[in-house]
Amino acid sequence: MSPFKKYFHRWATKRLPRSMQVILRHKTIYILPGKQGLAFLLVVLLIWLLGTNYQNNLILAFSFFLISVMLVSTIHAFKNMLGVTFVPAPTQYAAVGDVAPFDICISSQYHNNHHTLLLVVDDCSPVQTNLEAGQPIQVTVGLTAQHRGWLRLPRITVKSYFPFGFIRAWAYVELEHRALIYPCPIACEKPPLGAGQGDEGNYYSRQRGDEFQGFQTYQLGAPLSQVAWKQYARGAGMHLKDYRAQHSQQYWLDWQYINAPDIELGLSHMSYWVNQFAESNIEFGLMLPNIVINMGTGDTHRLQALTALALFGLAVDK
Amino acid sequence: MILLNKSLKAEKVMAISSPILRSSLVWLFVVQIFILAPHFFNVPAWIAVVWVGVVFWRWKVFQGAWNYPNKLRKTLVVLMCSAGLVASLGVNVSLVNMVSLLLVAFILKLLEMKNRKDFVLLVYIAFFILATQFIVFSNILSAFYGFFCLALLCTLLMQLYQSPVSYKNTSSHKNKLPHKNTLKNLWASLTPSIFILLQAIPFMFVLFVVMPRLGSFWAVPTPQHSKTGMSDSMSPGDISELIKSDELAFRVTFNGDIPANEKLYWRSLVFSHFGGRRWSQAPQQLARQDFKTSNQPISGWREKIEYLGDKTTYNIIAEASGQPWLYVLAAPETWSNDLLLGSDLHLQATAPVTQRISYTLTSALNYRFEEGVQNAIELNQNLQLPITGNPETRRIAGEWFAETGNAEKLIEKLFHYYHNNFSYTLRPPSLGDDSVDEFLWQSRQGFCEHFSSSFVFFMRAAGIPARVVVGYQGGELNTVENYLAIRQRDAHAWAEVWINHRGWVLYDPTSAVAPERIRRGIAESLNATDQKLLSQHFGSSLQLVMLMRDQWDALNFQWVRWVMNYDSTLQTALLSKFLHDVNPLRIALLVLGAGGISVMLTFAVLFFCSRRKKISALERSAQSVYQQLCKKLKGCGVAPVTGECPRHFVLRAATVRPDLAPLLNQIIDLYEQMVYAENVSVLMDLKRKLANFSSKK
């Protein structure tokens, strides 16, 4: 990065501190001709030369017209960015090595369309989105998670070449947004269980509880294999078949029984078993040196456990 | 709280290297038709065939049926097109060649267009090609056509950067109706493009007025213009052909009153040499040393012009004729500096007029021009006759001159003879070898070239110097803008006779036969059958149509006068009118001021079109209530976290301050009733409770 760019970035950051909501305003939108704009200026110059050499006012007027169009398009480029509001959506989770999704709600303060906004984060592949009048949307920016703990969303560059590509309008968005990165699950033979728990093989076989309990109303995101298709075909609407574990078994995943050369691997094993038990609907608790998470099932419980693993041994910010 | 549109709209980015969409491709083909069309008036027609072939090929490539041409094929195609260009146009640097080359490159580039970058490049070339069409077509209609084409091109560009139209109602049929969606997308890009172009007009106008006009940097090939109007010689039938055309020759505006029609003899050329059938310029008339510019010190033949009576100043905008000679009323005193005046008082440009030009002259319609007193060569030239031919005329001329004794009386007698025995017609019988004899003594029917030709021959045969003058006579008054339009149909030929002590005197033998031709114009002087030979305007008998035609012509005239002929002289005049003192600072201020105003106007329009989102009264009061509550709870050290719903926040606050819990519960219940059940009646209650609420212990 050139010194000028560095200086510019520092200056831009100062103007726009990290916050929970970023609204693009005249202070934060930057506008300059892009590469295509410079090429366009060259074409206009050629046309102007043509008009001057032929002493043809119509051609000259045409070149002036093109320049004016470029000028007016800067206003439209600015308007296209103005009032776009970025708000972080609830925190998401990902394992180390996976792509951590950052959901961002984008809305507008004005009642107009915002075309082709490009969201660029570092060197990830950019995300393109269109914002229609009066319809807030949610986009997901994916970042590869490298380390356990909180992953902060770096600065997003929002770019737009609307309307004709001559003008590049951009803004920096510093959102107070983070994702929780839990240790990458690494399988190991035995779960770290305290003495007297668990019969051999029991926790493997149960992919999900096999006792049919009844129907639940369908919820978005539920696995399709659980949908009661017969009922759906009868026109009864989408329902989920509810299975429960036959025996209410409880396991304590205990840090003491982890048999691993280093902490990270141990956490990875723990993370593996948390996921295993959670997917099998087995009730489990988690015992770490600094925290004890009581018995429970369900997604919230699982996330609680994963959070504890993710933040284990790290300075907790906030 | 915000209801999010559930569908995630993030799409993979259309990078600059991404392929071209179907709609963009089809649209590009359509736009190419419009961009190329005007050029086919000039360039060889086979280029159109190349275009069709290339489009077909590119479409097959898009469908995946064919491949992009490989290097060998590309080279072959380029070679074939180059060969075609050389074969049909030859190897020289002319405008047509240049444009044809550009067009072929533009068309062939389609075969190389693989990604968006190429696409944009193609559009940029199209901008340039669009500009080149104005070299040839520069009237007001072509300006509108250019605007239309520009809107299409901008639409092409905008399509790349605009969100596709959402298919709210047709989403389930999305795959079935791609054409319909393509059209919808086009329309969605076309209207904003036109909107932006319209917004750009005021600023273009300012730039047009203010930007300094420079001279040509280097010589450029000029458009080849077919020769129209007066040719460099005259034989019987030439002018009667010319007057069948309704084409505009030039327009004149006078500073002051327009002189009477019979005084408007617009000279183009003077013919002193007669070859037996054809009149042409004598060699010494072509000699350059006799030509004078207006700012040369008055010497030589110019000293012999004596200006009598009032002078009239007029501006002529001459259409391109492909010939150097122009139009002038005798006798000019001053004329634009870049033009030359011959000693026979004909005006010409230094090169053939291939583009419309404007020039200003001052002439005295009453003058005395005695050139020739000391110039025996010139007088001899104007007595020149072929050695043989037309014996009857030569004999009678001698007899009549002996009879009358002087030139003026002889002319009077001849005019009398014309008046009594001749008829004026566009369809004279064809004449044999002794054309003057046959015309004067047998057929006695003819047009102005017959009369002037026979008259000058007769004078010379009688020993009096005379010459033929060709040009235009009269003109059609445009009542809207008060200028004269002179068309080819006003072409005329007359004569000048050298009379001792009076110099060159204008005589128009046609006036002896058809005086209404001179006074009221060609259409009035012909009989009904002849009039049919003149090109008739559609509905020329209808008053309204004629008025509209006048309006249209006036509009074109304004266009030419203010747009096409706007040069540095006009610019200085106009700017000094507005700015009083023209200096760079003031011009810069004018540009900035006008630019600023147009930018602000555009902005105002944009904001007017997209007001802030409408918020219902209920939402607004709910927001204010919630903000008040947050403010009050700040006192106990609780602040809402983003994404936290009001109830959650209030319950959190209640755990911090259990003493306030009952009241907080009531407030949040009321609040939710109001917001979610849209129950406005609880608002008063809620406000009252909030007023009583205090976080102080």
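In chain A of this predicted model, an open sheet is built from 3 strands in the order S4-S12-S9, with mixed pairing. Strands are DSSP runs of E with at least two residues, helices are runs of H or I with at least four, and both are numbered from the N terminus. Two strands pair if DSSP finds at least two bridges between them.

**The sheet in chain A**
- Strand S4 (93-95) and strand S9 (149-152) of chain A each have a single partner strand and stand at the edges, so one side of each has no neighbour in the sheet.
- From one strand to the next, the twist averages 35°; axes are lines fitted to C-alpha atoms (for helices over the stretch in contact), and angles run from 0 to 180 degrees between N-to-C directions.
- S9(A) and strand S12 (residues 178-182) of chain A run antiparallel and are joined by 4 bridges.
- A:Trp150 stands opposite A:Leu180 in S12(A).
- Helix H7 (residues 299-310) of chain A packs on the sheet and touches S4, S9 and S12 of chain A. The direction of H7 makes about 85° with that of S12(A).

**Confidence**
- The complex has an ipTM of 0.77 and a pTM of 0.75 from the predictor.
- Chain B averages a pLDDT (the predictor's confidence in each residue, from 0 to 100) of 82, and 91% of its residues score at least 70.
- Residues 1-16 of chain B stay under 50 in pLDDT, and the model has 30 contacts for them beyond four places in sequence; a contact means C-beta atoms, placed from the backbone, within 7 Å.
- Residues 166-177 of chain B also stay under 50, with 4 such contacts.
- Where pLDDT is low, the predicted coordinates should not be read in detail.

**Conventions**
- Residues are numbered from 1 along each chain as its sequence is written, while chains are lettered from A and ligands numbered from 1 in the order in which they are written.
- Local features need pLDDT of at least 70 and side-chain atom pairs count only at pLDDT 80 or more, whereas totals for chains, interfaces and linings use all residues.

Key. Two residues are in contact if their C-beta atoms, placed from the backbone, lie within 7 Å.
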